[in-house]
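The entries follow the order in which I went through them.

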Amino acid sequence: GSWYDADIDHVIISEAQIREKTAELAKQVSADYAGVTDGLLLVCVLKGAVMFMADFARALGRQGPPVELDFMAISSYGQGTTSSGVVRILKDLDRDIAGRHVVVVEDIVDSGLTLSWLLRYLESRSAASVEVVALFRKPDAVKVTVPVKYVGFDIPTEFVVGYGLDFGERYRELPYVGVLKPEVYARA
Ligand code: PRP
Ligand code: MN
Ligand code: MG
């Protein structure tokens with residue numbers, strides 16, 4: 001095992017499950033946007049979505065349509081385990097999205113606060129369309145209803161780490177998603 005296995009209480013979603021689901025989601029998006037000739041604009045929500053963006057874009061690349069990648073860094077959690085609801089833009093889009101078909105790539109929808117803020121922001125920039133693909137969703141925790149067209153896994157309302165998801169910036173590099181042992185929080 002790897003160093004991090006010792007900090008994980010149990011795995012929620014395995015590496016193989018993530019790989020399979022990512023291919024499925026890419027297939028759906030590919031079919032839905034087959035007619036988009038000017039290319040799809042994937043907007044990754046850094047930092048959490050970085051792993052999913054890389055794998056999802058490659059899966060999509062096998063089937064088309066052509067994509068462009070852009071990145072936004074926004075943060076609502078800071079160091080804690082619950083959303084503050086206050087969203088800060090740490091890095092904005094590089095290019096104008098007016099008239100573009102945009103797919104927001106997120107790792108997880110928890111309270112929905114980050115996404116509902118982001119969707120309003122992208123719509124105010126006159127995108128032709130905006131949809132969301134999120135690998136994980138916590139259905140019980142939704143405080144704000146956000147339309148997420150493509151969802152990978154519904155997971156329980158527990159704090160999870162791995163595959164981009166962090167606890168105090170750590171554990172993003174885990175290839176799976178899991179729950180930390182209680183003593184890890186006690187140490188922090
Ligand atoms: C996490 C996660 C989502 C968001 C979901 O990001 O990556 O972007 O929170 O939570 P919500 O639905 O309750 O808003 P975070 O703010 O921790 O920043 P990070 O991606 O850099 O870790
Ligand atoms: Mn995030
Ligand atoms: Mg975070």
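**Ground rules.** I am working with a predicted model, in which local features need pLDDT of at least 70 and side-chain atom pairs count only at pLDDT 80 or more, while totals for chains, interfaces and linings use all residues. Residues are numbered from 1 along each chain as its sequence is written, and chains are lettered from A and ligands numbered from 1 in the order in which they are written.

Helices (H or I, at least four residues) and strands (E, at least two) are DSSP runs numbered from the N terminus, and two strands pair if DSSP finds at least two bridges between them. I then followed β5 (residues 101–109) and β6 (residues 129–137), which pair in the parallel sense over eight bridges; Ile108 has Phe136 in β6 as its bridge partner.

**Helices on the sheet.** Contact here means that the C-beta atoms of two residues, placed from the backbone, lie within 7 Å. In α3 (residues 113–123) I found Leu113, Thr114, Leu115, Leu118, Leu119 and Leu122 buried, and the buried residues of α3 pack against β2, β3, β5 and β6. A residue is buried if 20 or more other C-beta atoms lie within 10 Å of its own, exposed if 12 or fewer, and partly exposed in between, with C-beta atoms placed from the backbone.

**Where α1 meets α2.** The axes of α1 (residues 15–32) and α2 (residues 50–61) come within 9 Å and cross at roughly 55°. The contact is made by Thr22, Ala23, Leu25, Ala26, Val29 and Ser30 of α1 together with Asp55, Phe56, Ala59 and Leu60 of α2.

**Val109.** I picked this residue in strand β5 and saw that Val109 is buried, with 24 other C-beta atoms within 10 Å. Leaving out residues up to four places away in sequence, Val109 touches Leu115, Ala134, Arg137, Val146 and Val148. Val109 and Val148 are 39 residues apart in sequence, yet 8.8 Å apart in space, C-alpha to C-alpha.

**Backbone details.** I looked up two cis peptide bonds: one runs from Leu46 to Lys47, with omega near -5°, and one joins Gly64 and Pro65, with omega about 0°. Lys47 is in the loop between β2 and α2, and Pro65 is in the loop between α2 and β3.

In the loop between β8 and β9 I noted Glu169, which has a positive phi of about 75° although it is not a glycine. Glu169 is exposed, with 8 other C-beta atoms within 10 Å.

Definitions and conventions: Axes are lines fitted to C-alpha atoms, for helices over the stretch in contact, and angles run from 0 to 180 degrees between N-to-C directions.
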